[in-house]
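This report covers a sheet and a set of aromatic contacts. Please look at the sequence and the structure before reading on.

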Amino acid sequence: MEDVFARLRRVGALKRHRLGGEPSDRRLARAAGVSHGTPGAWLGGRQLPQRVDPLLAVLDEVRAEAARRGLLATRADALSTDTVGELLDEQRWRAAFEAERGRRNERSRLEAERQRARAALERDGLRARQSDLADRPRSVRAWSAGRLGVHPAIPGRGRSRDSAPGPGPGPGPTGADTSDFVLPRYVPRQHDVRLRRLLAAAVTDEARPILAVVQGPSCTGKTRTAYEALREAVPEDFDLLFPADTDSLLAVLAADALPPRTVLWLNEAQHYLTDPHGEAAAAALLRRLDGEGPLIVIATLWPEHAEALTRPATHSRDAHRHARTLLAQARWVDLPRTFADDLDAARAAAADDPSLTEALAAGAGAGTGAGAGARTGAGSGSGSAELTQALAAGPDLVRHYERPAGPYGPYGSALISAAMDAHRLGAPGPLPLVFLEAAAVGYLTDAERAHARPDWFGHALARARTLIKHTTRPLQDVPHPTGMGRLPGAARLADYLRHHGRHARRFRCPPDSFWHAAREHLTHPEELLRLGDAARWRARFAHAVRLYEAAAAAGESYALIRLGQMRKDNCDMEEAETLYQLAVDAGNTDGLLHQAALWEEDWCWEEAEKLYLRASAAGVEDALTYAGLMWDGAGEPGKAWAWYERALQAGHTDVLVFMAQSRRREGSPQEAADLCRRAIAAGHTDVLPQLVCFWEETGQQDEADQLLRRFADAGDTSALINVAVLTGRSGRPDRAEQLYLRAAAAGDHRGWFLRAFMWEKAGDLEKAESSFRKAAASGDLDALRHVARMREAAGDAAGAEALYRQAVDAEADVEALSSLARLREAAGDRAQAERLHLVAADTGDVRVASSVLSLARLRGAEEETYLRFGLAADGSASAPWEWPLVP
């Protein structure tokens with residue numbers, strides 16, 4: 001199958017050579033709602049957008065120009081027999097885009113198989129190494145629930161705070177649990193059965209090491225679930241080690257101090273894996289998992305962190321490559337958000353447990369309020385389904401924040417809002433109090449600021465640190481990282497409020513005071529970089545530049561690349577190249593790739609080639625392959641092949657995939673199949689679907705059918721879908737239909753999604769919409785937007801608007817917000833359209849340029865001013881600002 005990047009390069013070559021460079025990159029950028037240089041990067045085959053619609057907008061412009069010149073029925077190029085119209089066909093592009101997304105997911109999953117590790121050292125040496133560690137293993141029964149991170153529960157009426165906490169274990173030998181630690185009766189559920197079975201199988205002598213990840217939102221009982229499974233399934237002769245932080249985890253792994261019959265406890269695993277040393281820890285842990293068992297790694301993780309850590313990389317910097325590989329081989333145990341299916345068991349257990357009794361009563365009270373039934377789907381009284389949240393006082397934390405009482409209530413809530421924004425936008429670590437004090441100003445009204453007393457901050461902090469239900473506080477003390485007591489001058493946000501803030505504030509952009517305070521008082525380079533990204537994606541360009549400048553000064557070389565990208569977006573190519581070179585001088589070889597991209601966009605292939613050669617010499621694994629892809633896109637297959645062979649000689653076997661695609665384009669399917677076999681032998685099993693099609697093209701149907709059965713038996717729906725896309729494009733829609741349905745029946749909603757495209761292309765809109773709706777029912781927001789688009793095209797504006805709003809509610813979807821704005825503008829409601837475009841910008845997205853241009857148009861303002869300086873809080877153009885001096 002010709003991959004999507006090769007097709008993009010063919011379109012780029014068509015635009016350059018046959019369309020005279022038209023449409024211009026600026027015209028394409030405006031059509032797609034992206035920055036000026038982005039369409040060139042797409043059509044050069046170097047990047048792929050996260051969503052297909054902006055790419056289709058670019059292709060529509062190219063198709064229109066080709067039609068104007070009468071080229072649609074002519075042969076596209078010498079690489080295939082496609083016409084220009086077929087090369088630019090929308091449905092083919094949708095299918096190719098979806099196939100590429102499936103291929104990336106599959107490659108991430110299989111990458112875990114490539115890790116190996118060293119064997120354990122002798123036990124005497126192990127004990128010596130463990131004695132040098134700050135965090136040492138102890139018997140699994142020596143750890144108490146509180147010491148392992150289980151939340152204490154609300155005490156409940158009638159419970160003596162000096163009594164033992166019900167049937168659960170009392171204070172452990174570590175001294176972390178006191179008589180005040182309340183552990184209510186545990187109510188086992190279906191996920192407990194799965195986790196305990198996993199652990200029971202993992203403790204046998206012949207068992208291999210396993211990683212079990214307990215996943216669930218905040219305050220759903222992840223840590224308690226893991227703790228109870230540990231007590232139930234792990235023998236007493238196992239040890240448990242709980243590292244305090246990533247440095248401690250790395251020290252344990254570097255000392256090879258995790259012998260068989262050990263449990264490694266990683267509560268809130270995102271803190272280990274998103275740390276600056278998290279990738280090193282993930283790689284080291286992967287090597288240990290390839291070693292001797294039995295060994296159990298138990299991790300807890302929030303869904304949003306799991307999604308961020310497992311999402312395939314979409315650009316040259318892959319921030320979580322090792323973490324993604326690690327989590328790809330995990331055994332996942334998902335916790336439900338509520339107790340809705342187990343309320344009867346909880347009520348039975350509450351008969352002699354005051355904590356459960358009070359939590360059920362509190363939940364029932366919450367459920368009678370407006371909106372509670374909508375959250376759980378159970379109607380009046382359904383709030384009792386949120387039992388674990390009530391036990392941990394989560395709803396009370398939200399109530400304390402959203403209903404500020406007393407003279408200092410609004411000031412305390414302002415501190416919490418600033419902490420929420422910091423956490424959700426990229427600064428999850430301990431927050432300096434001076435940062436919260438400076439940031440809070442913008443969260444208060446003019447009247448509140450005017451009436452503030454000189455000592456307002458102390459009172460506000462006391463309000464934000466109020467003890468809720470004897471259990472937790474909104475802003476909490478931070479344990480000292482190296483000693484006893486708390487870290488002075490810092491605070492952390494309660495878990496449940498972090499979770500709540502992501503949803504409650506998802507449409508809001510922080511005030512100017514937040515960005516200024518971050519620049520002045522935050523010092524962690526990666527946090528400054530992430531906050532700079534957040535400002536940039538919200539078109540607060542002045543703040544983004546200053547945050548990147550601070551991150552670069554703190555030693556973050558990627559901040560120099562970000563500044564270079566912003567200069568490039570403003571067509572300041574010399575400054576962009578200077579910044580990329582500064583990143584290279586700082587040891588960041590990605591700067592070479594960005595420099596090469598600049599030369600490629602100017603069609604200076606030889607200069608770009610030199611930079612790719614430098615990048616290869618500097619250790620960039622794929623640089624030689626990139627050079628080959630560049631020459632492919634430039635219409636020089638001979639030069640491309642020479643670079644592919646050079647990459648292969650250097651040991652980069654993944655280039656075999658591109659070589660196979662090149663031979664297939666040249667009409668040599670048998671040679672392409674041979675290259676696929678070599679790629680598979682080298683471990684690149686993601687090429688198997690292409691091999692199926694090559695076999696069919698060369699008459700080896702039995703081999704193709706056998707491999708398809710293997711995919712089905714293994715539940716490999718990504719491979720089935722890839723084959724379906726390939727067979728559909730080769731003129732066999734009936735077989736493609738069967739494979740799509742097989743994948744959909746196995747639970748892969750992409751089968752419905754791509755099948756819908758097939759029906760849409762065939763003109764059966766009713767069946768297409770039905771398939772899109774089935775994909776949407778499985779949680780596919782792209783499918784939901786397509787249903788809305790079809791309703792809009794059919795003249796059902798009200799139905800389309802309802803579906804777009806559903807997409808917005810599900811995931812703060814910026815595309816859906818922009819579509820709503822378009823519908824409102826078409827209905828004559830320009831004020832609401834403007835407001836929706838501003839909300840889309842404030843929500844934050846890499847495609848923010850589209851919202852910026854729409855705001856400029858609706859306000860009758862100069863687009864270039866908006867694109868250069870970005871937005872102010874009210875949606876107007878920001879005041880002019882100057883670029884920082886190059887360091």
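Phe435 and Phe514 are both buried. The model is predicted. The ring centres of Phe435 and Phe514 lie 5.7 Å apart with the planes at 75 degrees, so this pair is edge-to-face; planes over 60 degrees apart count as such. Phe435 belongs to helix α21 (residues 433-439) and Phe514 to helix α25 (residues 512-521), so the contact ties together parts that are 79 residues apart in sequence.

A second pair has another geometry. Tyr644 and Phe658 have ring centres 6.4 Å apart and planes at 15 degrees, so the pair is stacked, because planes under 30 degrees apart fall in that class. Tyr644 comes from helix α33 (residues 637-649) and Phe658 from helix α34 (residues 655-665), so the parts tied together are 14 residues apart in sequence. Tyr644 is buried, with a relative accessible area of 1%. Phe658 also counts as buried, at 19% relative accessibility, because the cut-off is under 20%.

The two pairs are set out below.

| Pair | Centre distance | Plane angle | Class |
|---|---|---|---|
| Phe435 and Phe514 | 5.7 Å | 75 degrees | edge-to-face |
| Tyr644 and Phe658 | 6.4 Å | 15 degrees | stacked |

How many aromatic pairs are there by this rule? The count comes to 13 aromatic pairs. Elsewhere, ring pairs join Tyr408, Tyr411, Trp456 and Phe457 into a cluster.

Rings also meet charged groups. The charged end of Arg138 sits over the ring of Trp143, 4.1 Å from the ring centre. Likewise, the charged end of Arg868 is placed over the ring of Trp881, at 4.5 Å from its centre.

The remaining topic is the sheet. Its six strands run in the order β1-β3-β4-β5-β2-β6, forming an open sheet with mixed pairing. Which strands stand at the edges? These are β1 (138-139) and β6 (331-334); each has a single partner strand, so one side of each is left without a neighbour in the sheet. Within the sheet, β3 (residues 239-241) and β4 (residues 262-266) pair in the parallel sense over three bridges, and Leu241 stands opposite Leu264 in β4. Helix α8 (residues 190-202) packs on the sheet, where it touches β2 (210-215), β5 (295-301) and β6. The direction of helix α8 makes about 155 degrees with that of β6.

Methods
Residues numbered from 1 in each chain as written. Predicted model: local features only at pLDDT ≥ 70, side-chain atom pairs only at ≥ 80, totals over all residues. Heavy atoms only, no water. Pairing = 2+ DSSP bridges. Helix = DSSP H or I, 4+ residues; strand = E, 2+ residues; numbered from the N terminus. Contact = heavy atoms within 4.5 Å. Axes fitted to C-alpha atoms, helices over the stretch in contact; angles between N-to-C directions. Phe/Tyr/Trp six-rings, centres within 6.5 Å; stacked < 30°, edge-to-face > 60°. Buried < 20%, exposed > 50% of the residue type's maximum accessible area, 1.4 Å probe, protein only. Lys NZ or Arg CZ within 6 Å of the ring centre and 35° of its normal.
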